[in-house]
Amino acid sequence: MLWKEKWGQEKSANLPKTAISSLEKCDKTFFPNIYILLKLLAVLPGSVATVGRSFSSLRRLKTYLRNTTSESRLNGLALLSIHRDIKIRDEEVLHKFASVPRNLDFVL
């Protein structure tokens, strides 16, 4: 009840907006339990959708590709599927492949 009374006297502009800002304003010795709860709240992820999305993407990739692909290729395809929001420019890919020396022996 003391925690509620402490913030009940503050103006709405002075109230903390996040768990980390509440943690900074919490007195560790006076509110030890609330301090621990705020620390836990500050480090917990907001959602676990990213983890679920990565597993479902990997399952789709494995179903489609089966076991015909190598581990490094599977990792690259999984990263591309999970991080769709990252834009990849064609010029960067072409430059990367053009800069790598090729080990081809031409016989004329």
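Author: A residue is called buried here when its relative accessible area is under 20%, exposed when it is over 50%, and partly exposed in between, using a 1.4 Å probe and protein chains only. The model is predicted, so to speak of local features requires a pLDDT of at least 70 and side-chain atom pairs count only at pLDDT 80 or more, whereas totals for chains, interfaces and linings use all residues. Residues are numbered from 1 along each chain as its sequence is written, and side-chain values use heavy atoms, with hydrogens and water left out.

Reader: What is in contact with serine 22, leaving aside its neighbours within four places in sequence?

Author: Contact means heavy atoms within 4.5 Å, and on that basis serine 22 is in contact with Trp3, Pro16 and Leu38. Leucine 38 in turn touches Trp3, Ala19, Ser22, Leu23 and Cys26, again not counting residues up to four places away in sequence.

Reader: What makes up the largest nonpolar core?

Author: A nonpolar core is a set of buried Ala, Val, Leu, Ile, Met, Phe, Trp, Tyr and Cys residues joined through side-chain atoms within 4.5 Å. The largest one has seven residues, namely Trp3, Trp7, Leu23, Cys26, Phe31, Tyr35 and Leu38. Two or more residues of this core come from each of α1 (2-8) and α3 (32-43).

Reader: How do you know what kind of aromatic pair phenylalanine 30 and phenylalanine 31 form?

Author: Rings of Phe, Tyr and Trp (its six-membered ring) pair if their centres lie within 6.5 Å, and planes under 30 degrees apart count as stacked, over 60 as edge-to-face and the rest as tilted. A search of the whole structure finds one aromatic pair. In this pair, phenylalanine 30 and phenylalanine 31 are 4.9 Å apart centre to centre with 80 degrees between the planes, and are therefore edge-to-face.

Methods
Helices (H or I, at least four residues) and strands (E, at least two) are DSSP runs, numbered from the N terminus.
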